[in-house]
Amino acid sequence: KNMERELVCPVCKEMYKQPLALPCTHNVCHVCASEVLLQHGFLCCDPTSEPSSPAATPSTRSPRLGRRAVPKPDRLDRLLKSGFGTYPGRKRGTVHPQTVSFPCPACQRDVDLGERGLGSLFRNLTLERVVERYRQTINISAAIMCQFCKPPQLEATKGCTECKSSFCNECFKLYHPWGTQKAQHEPTPPTLTFRPKGLMCPEHKEEVTHYCKTCQRLVCQLCRVRRTHTGHKITPVLNAYQALREKLTKSLTYILSSQDTVQTQIAELEETVKHTEVNGSQAKEEVSQLIQGLCTILEEKRASLLQAIEECQQKRLASLRCQIQEHQAMLENSGMVGYAQEVLKETDHPCFVQAAKQLHNRMLRATDSLQSFRPAATASFSHFQLDVSRELKLLTDLAFIRAPEAPVIDTQRTYAYDQIFLCWRLPQHSPPAWHYTVEFRKTDTKAKGLKLWQRREEVRGTSALVEYLDTDSVYVLRVKGCNKAGFGEYSEDIYLHTPPAPVLNFFLDNRWGFNRDRLAISKDQRAVRSVPGVPMLFAAERLMTSCHLSIDLVIGDVAITQGKSYWACCVDPSSYLVKVGVGLETKLQEWFQVPQDVVSPRYDPDSGHDSGAEDTTVEAPPPYAFLTIGMGKILLSHGSALTSRDPNGCTIPLPPRIGICLDYEQGKVSFYDAVSFRELWECSVDCSGPVCPAFCFIGGGALHLQELVANK
């Protein structure tokens, strides 16, 4: 009985009757599909007649059809006279062919049936057989009566596929007499649905023999040669049958072998349902309490504001009433006026003075009040008006908290050095985040599977450091925010390449060698600036007769004696000529002994890179290796002498950072674009002794060493 829901039509909610296979892989009864199209304004074949069943009679139709509303004949006549063709599914009021759109009740999508509508759909005979077997198994099908007996009808015992009818024994013999062609008809069990022997092409009424992989549709021989299938991958239906049967068998075997997993997942889902019910009720209760709290606060505020208005009103009324009494005393028939008139009748001077003095003060006050009349209180309560526009907006915008949106990685501030410094921000209108989770993993193209994500949870702020990374590796990182509503979406993945060797931390040596008149080293010893000044002006006079210029040299305070080391620096694009690289410590000391206004003989202005090969044999590596940078460009020699005739072919733009990697054991130094870690140039260098980072300046220029991420 659990299978019954697979055999129920999504429209009529009853078992399928002559189901049609829709392009979206769902099924629907032919009669139901016709009625749905009629409701949407498409004209179909008579839904009470079954496809490929000319012998359909009231006794062979589905018992559901008696409950269906059949279109009125006059309505069908009007539709037929409006210019429709014979294809089922033609839109009303149109003459030109158009595609038919069928609203699938299962997937709730509009399915394109083409111009022929339901006439282009295959009948799902397999589903019909399953429905019929299911009915027989659970014995819910009613007795099938003979269609040719006179009342009272007998129960049918045989069926005939050719005649598409069911018979009792006597009627079968009567309608299949010996010696006639009908006698060759093979009897079948009685049924209400007579299916064709094989699946027929709905367009050409030919048996389907092939399967088009491109269209994913069964085709007949005539369909195969049509232009619509030109260039498509078409295979015999037997091959498609074997392939699909094998896939279906494997899937079914896997599902049957995973019953314990299914039960576990069902139990988990049921537990989730319980938690959903409990948490939903709890959320409702919390919202009700919060709203009730707001209502309580509003009610308290209302009482407080009304009390303030009431107190002000009573105070004003008291002042006005007092003023009214004072003015009433000035009336002619009032007590004060009558008392004053009686006092004026007093002839005893001392007694008059005693009584009149008190009365005169009252009269002065009354006179002043009369001359400068002004109500003791204003009747306006305008200063008691409330501006609730902000509160109304807040209440109108009152909504459930949303999780933060996906953060945006700040690629300008994010970089990889000794560690990875990752920086991000939230979009402008994103809800705030309480904290963030940073995830990263190493990408390995040789590994079969992806490595698991590593996490740094509850990161405060909008930046994070990722430590303990492998050198010369690519890491992918992403971020997501979290607040009371939960976690938001991940940011876009960012890929960062770690340096090819461990990072060397050093400072610029300010104790010996460099020319203090032309070089200025910063206090933190990580930046240097060349200020040529007057010496450069003097050297300009020699430029007319000599190619020599003065070179200012500064080195690092650390010497490398083993392993691989990497460091990076930023060169000012406006620098005239800067060289970055390495050199033997002993040779650099010799260089410092040379007068500052004379160039080292190892500097060849035509080579593009410094080389010490002139002093030794051809096979010996040079004691220096420098990359030449000037005027926002990098000069690349590719191992050959440069000429001024082709400057564009040997220069590249200066990247934001230059990386230098020294392999002491191999005696090689490599120069990189420290942002993309693209190798710019590689050469040999003499590593017979300690090797120091070195920087040369010709003319004005500046550079600073890349600061360690850990120091930030």
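The buried residues of helix α3 are covered by elements that include β1 (19-21), β2 (27-29) and β7 (122-123), where helices (H or I, at least four residues) and strands (E, at least two) are DSSP runs, numbered from the N terminus. This is a predicted model, in which local features need pLDDT of at least 70 and side-chain atom pairs count only at pLDDT 80 or more, while totals for chains, interfaces and linings use all residues. Residues are numbered from 1 along each chain as its sequence is written, and side-chain values use heavy atoms, with hydrogens and water left out.

In α3, the buried residues are L125, L127, E128, V131, E132 and Y134, and the word buried stands for under 20% relative accessible area, as exposed does for over 50% and partly exposed for what lies in between (1.4 Å probe, protein chains only). An α-helix has 3.6 residues a turn, so residues three or four places apart point the same way. The 14 residues of α3 (residues 125-138) should span 20 Å at 1.5 Å a residue, and the C-alpha atoms at the ends of α3 are 20 Å apart, which agrees; the expected span of a helix is taken as 1.5 Å times one less than its number of residues.

Two strands are said to pair if DSSP finds at least two bridges between them.

The whole structure holds 10 salt bridges, each being a side-chain nitrogen of Lys or Arg within 4 Å of a carboxyl oxygen of Asp or Glu. One of them joins E128 to R123, with the closest N and O atoms 2.4 Å apart, and both of these residues are buried. Another brings together the side chains of E439 and R478, at 2.8 Å from N to O. Since E439 lies in strand β17 (residues 435-443) and R478 in strand β20 (residues 474-483), the pair ties together parts that are 39 residues apart in sequence. E439 and R478 are both buried.

The strands β32 and β33 run antiparallel and are joined by six bridges, and Y672 stands opposite E679 in β33. Their hairpin has four residues between the strands, and in it F677 takes a positive phi near 55°. Both strands belong to an open sheet of seven strands in the order β23-β24-β35-β26-β31-β32-β33, with antiparallel pairing. At its edges stand β23 (519-521) and β33, each with a single partner strand, so one side of each is left without a neighbour in the sheet. Neighbouring strands of this sheet are turned by 20° against each other on average, direction ignored. Within the sheet, β26 (residues 564-571) and β35 (residues 701-705) pair in the antiparallel sense over three bridges, and V571 has L703 in β35 as its bridge partner.

T414 lies in the loop between β14 (408-409) and β15 (415-416), and T414 is buried, with a relative accessible area of 8%. The side chain of T414 reaches the backbone oxygen of D410 at 2.8 Å, and a polar atom of that side chain lies 3.0 Å from the backbone nitrogen of C423.

Methods
Contact means heavy atoms within 4.5 Å. A polar contact is a pair of N or O atoms within 3.5 Å; within protein, one must be able to donate a hydrogen and the other to accept it, and residues adjacent in sequence count only if both atoms are side-chain atoms. Axes are lines fitted to C-alpha atoms, for helices over the stretch in contact, and angles run from 0 to 180 degrees between N-to-C directions.
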